[in-house]
Amino acid sequence: MQRRAFGRSGLEVPALGFGAMQVGDPNVSEAHAAGVLNHALDLGLTLIDTACSYGLSEERIGRHLARRRDEFVLSTKVGYGVAGVPDWTCECVAAGVDAARDRLRTDVIDIVHLHSCGTDLLDAGEVTRALEDCAAAGKLRVAAYSGDGPALRHAIASGAFGSVQASLNLCDQQALRALVEARACGLGTLAKRPLAGQPWHSGEPPQDAVHAEYWRRFALLRDQLGFDVDDWEALALRFAAYAPGVDCVIVGGTDPRHLERNRAAVTAGPLESLQQQAVRAAFGRVGAAWQGLV
């Protein structure tokens, strides 16, 4: 697995990381979650991304990967969900970092994101300063922002963050310019949702609003590509993983075979130049006005 410098942080990340949302599902057995997490590391997916809102995810990472802590970069998200504390306050961010450290069974979390808060909260500065204080106290290495649209651009321009995470896939390319700018500023970059919920597998729009929108966009985009596609997953992953400005793409799942296929797709390298250009051009024709989806 190709490894890349993560901005000016001193960290290195793989081209493909593992998103641990689904292993936090309580319907997934503890033994299966443990197996998937360890298999991800064995495959070289040595960035693990989670959040306080991902069910049992942080606890399971702590239980099953603490003994391998020196093998991977750990990323999580905070800003809400602390009992008895108002969301999006200094106290909530600070308490959230401490709670995440406890659940993850680590003294230091490599990357901690403010999780998709708006420009107004970033402007107010309270949550940003709280994250900076946690970094100064040695509780985290990189203060980061996860989100899209104007708030993402504001976070990059603010100079307050060492990395950002944004949605990027065939159907959602609006963050590409922002990710290029982030890298030029020395920030690390993570791309989430590179498979866009796999809209090519569904004959009907999903009930989830974001994935329904991706499904709608994909139907329009597919007709514009101008070439046949045998493996949409591989195309989507190679597009996102080698897009300008991207250090690491994050893909989740609970099927070890899917992890292996994802790894094989990314290690195959970037798309052919003409395919990459065709994907960008197709989006430009039908998606220029589409907004990034948080």
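**Salt bridges, nonpolar cores and a helix pair**

Arg 63 counts as partly exposed, because its relative accessibility is 36%. This residue belongs to a predicted model, in which Arg 63 forms a salt bridge with Glu 30, their closest N and O atoms being 2.9 Å apart. The pair links distant parts of the chain, since Arg 63 lies in helix 2 (residues 57-65) and Glu 30 in helix 1 (residues 30-42), 33 residues apart.

**Salt bridges**

- Glu 30, the partner of Arg 63, has a relative accessibility of 29% and therefore counts as partly exposed.
- Asp 247 counts as buried because its relative accessibility is 3%, whereas Arg 183, at 37%, counts as partly exposed.
- The side chains of Arg 257 and Asp 255 also form a salt bridge, at 2.9 Å from N to O; Arg 257 counts as exposed at 55% relative accessibility, while Asp 255 counts as buried at 16%.
- Through salt bridges that share partners, Glu 30, Glu 59, Arg 60 and Arg 63 are joined into one network.

**Nonpolar cores**

- The largest nonpolar core has 86 residues, of which Phe 18, Ile 61, Leu 114, Leu 131, Tyr 145 and Leu 170 touch the most other members.
- Helix 9 (residues 232-241) supplies the largest share of this core, namely eight residues.
- Leaving aside residues up to four places away in sequence, Ile 61 touches Ala 20, Leu 37, Ile 48, Thr 50, Ala 66, Phe 72, Leu 74 and Leu 104.
- Another core, of eleven residues, lies apart from the largest one, and its members include Phe 6, Val 13, Leu 190 and Cys 248.

**Helix 6 and helix 7**

- Helix 6 (residues 149-158) packs with helix 7 (residues 176-184) at an angle of about 10°, their axes being 10 Å apart, which means that helix 6 is roughly parallel to helix 7.
- In this contact, Leu 152, Arg 153 and Ile 156 of helix 6 meet Ala 178, Glu 181 and Ala 182 of helix 7, and by class the contact has four nonpolar, no polar and two charged residues.

How values were computed. Residues are numbered from 1 along each chain as its sequence is written. This is a predicted model: local features need pLDDT of at least 70, side-chain atom pairs count only at pLDDT 80 or more; totals for chains, interfaces and linings use all residues. Side-chain values use heavy atoms; hydrogens and water are left out. Axes are lines fitted to C-alpha atoms, for helices over the stretch in contact, and angles run from 0 to 180 degrees between N-to-C directions. Helices (H or I, at least four residues) and strands (E, at least two) are DSSP runs, numbered from the N terminus. Angles under 35 degrees count as roughly parallel, over 145 as roughly antiparallel, 65 to 115 as roughly perpendicular and the rest as oblique. Contact means heavy atoms within 4.5 Å. Ala, Val, Leu, Ile, Met, Phe, Trp, Tyr, Cys and Pro count as nonpolar, Asp, Glu, Lys and Arg as charged, and the others, Gly among them, as polar. A nonpolar core is a set of buried Ala, Val, Leu, Ile, Met, Phe, Trp, Tyr and Cys residues joined through side-chain atoms within 4.5 Å. Buried means under 20% relative accessible area, exposed over 50%, partly exposed in between (1.4 Å probe, protein chains only). A salt bridge is a side-chain nitrogen of Lys or Arg within 4 Å of a carboxyl oxygen of Asp or Glu.
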